[in-house]
Amino acid sequence: MALEFVGDAISLSGLTGSKLKCEVIGAYYPFWWNITSGGPKENRKFPTAIVELDAATGEVYIKDTKETILGSSGHALQLKCGDLAKAMWLKVILVEKDVNCYNHLKKVIQRRWPSIDIKLAEGPIFSNSSNIYLMNAELDRALDSIHKIKLGNALFFFDPLRSVEY
C-alpha cells in the first residue's frame, strides 16, 4: 500500500486511531518533559530527549474530518520551538527511513518552524548546536548515530505506519 499525502501531511484515517493518538501524544510530551527536565523549580535544566523513530512528516491529514493536525514528531518540535529559552536542554531526534516522508517533514519544518536550520539539524552530530537532529536513515544506522548524542532522560517513540519488522 503506497503512502498518501495531502499537502505535506501524511494522509491517515480514524478519529479514534490516528487523531486520538496525536492528541494524546500532544498532551503527554509536555507533561513528560516538565517532570523529567526538573520543571520550573529547577529551570528545566536536566538534559532530556525525545527520539522519534518513524517520524513521518510532522503533520497528519485525517481523512474522516478533512483536517490537518500535528503528528507526534510535530508535537515534539512544537515543544522544542514553542519556548526556546525553556526548552534549551531538550533534544529532539527525528528519524524517518522513507525518503518521501522525510522530504515532506523538511517542508513542514520550513513552513511551521522557519527558525530551525535544517542543514545544521541534518549535519554532523558533534557540530549541531540546535539540539534538533534530523536523520533519513534505517533504524540500525540511526541508532549508531543516536548513541553519540548525550540524551539525558530520553523518551523513545516508535510508531511504524504499516508493520513492525523488528
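1. Let's start with a term you will need for the side chains: a residue is called buried when its relative accessible area is under 20%, exposed when this is over 50%, and partly exposed in between, using a 1.4 Å probe and protein chains only. By that rule D8 is buried, with a relative accessible area of 16%.

2. Please keep in mind that this is a predicted model, in which local features need pLDDT of at least 70 and side-chain atom pairs count only at pLDDT 80 or more, while totals for chains, interfaces and linings use all residues. Residues are numbered from 1 along each chain as its sequence is written, and side-chain values use heavy atoms, with hydrogens and water left out.

3. Now for the strands. Helices (H or I, at least four residues) and strands (E, at least two) are DSSP runs, numbered from the N terminus, and two strands pair if DSSP finds at least two bridges between them.

4. To find the pairing by eye, go to L12, which stands opposite I62 in β4.

5. Another open sheet also has four strands, in the order β7-β6-β3-β8, with parallel pairing. Here β7 (132-135) and β8 (153-158) stand at the edges with a single partner strand each, so one side of each lacks a neighbour in the sheet. On average, neighbouring strands of this sheet are turned by 10° against each other, direction ignored. Such angles run from 0 to 180 degrees between N-to-C directions, and the axes are lines fitted to C-alpha atoms, for helices over the stretch in contact; contact means heavy atoms within 4.5 Å.

6. Within that sheet, β3 pairs with strand β6 (residues 90-95) in the parallel sense over six bridges. T48 has L90 as its bridge partner in β6. Helix α2 (residues 72-82) lies across β3, β6, β7 and β8, and runs at about 155° to β6.

7. Which residue forms a salt bridge with D8? A salt bridge here is a side-chain nitrogen of Lys or Arg within 4 Å of a carboxyl oxygen of Asp or Glu, and by this rule the count comes to seven. The partner of D8 is R111, with the closest N and O atoms 3.9 Å apart. D8 sits in the loop between β1 and β2 and R111 in helix α3 (residues 99-112), so this pair links parts of the chain 103 residues apart.

8. R111, partly exposed at 45% relative accessible area, also forms a salt bridge with E59, the closest N and O atoms being 2.9 Å apart. Because R111 lies in helix α3 and E59 in strand β4, this pair ties together parts that are 52 residues apart in sequence. E59 is buried, at 3% relative accessibility.

9. E59 meets R112 in a salt bridge too, at 2.6 Å from N to O. R112 is partly exposed, with a relative accessible area of 34%. Through shared partners, salt bridges join D8, E59, R111 and R112 into one network.

10. Finally, visit D54 in the loop between β3 (48-53) and β4. D54 is buried, with a relative accessible area of 18%. D54 and F157 are 103 residues apart in sequence and 8.5 Å apart in space, C-alpha to C-alpha.
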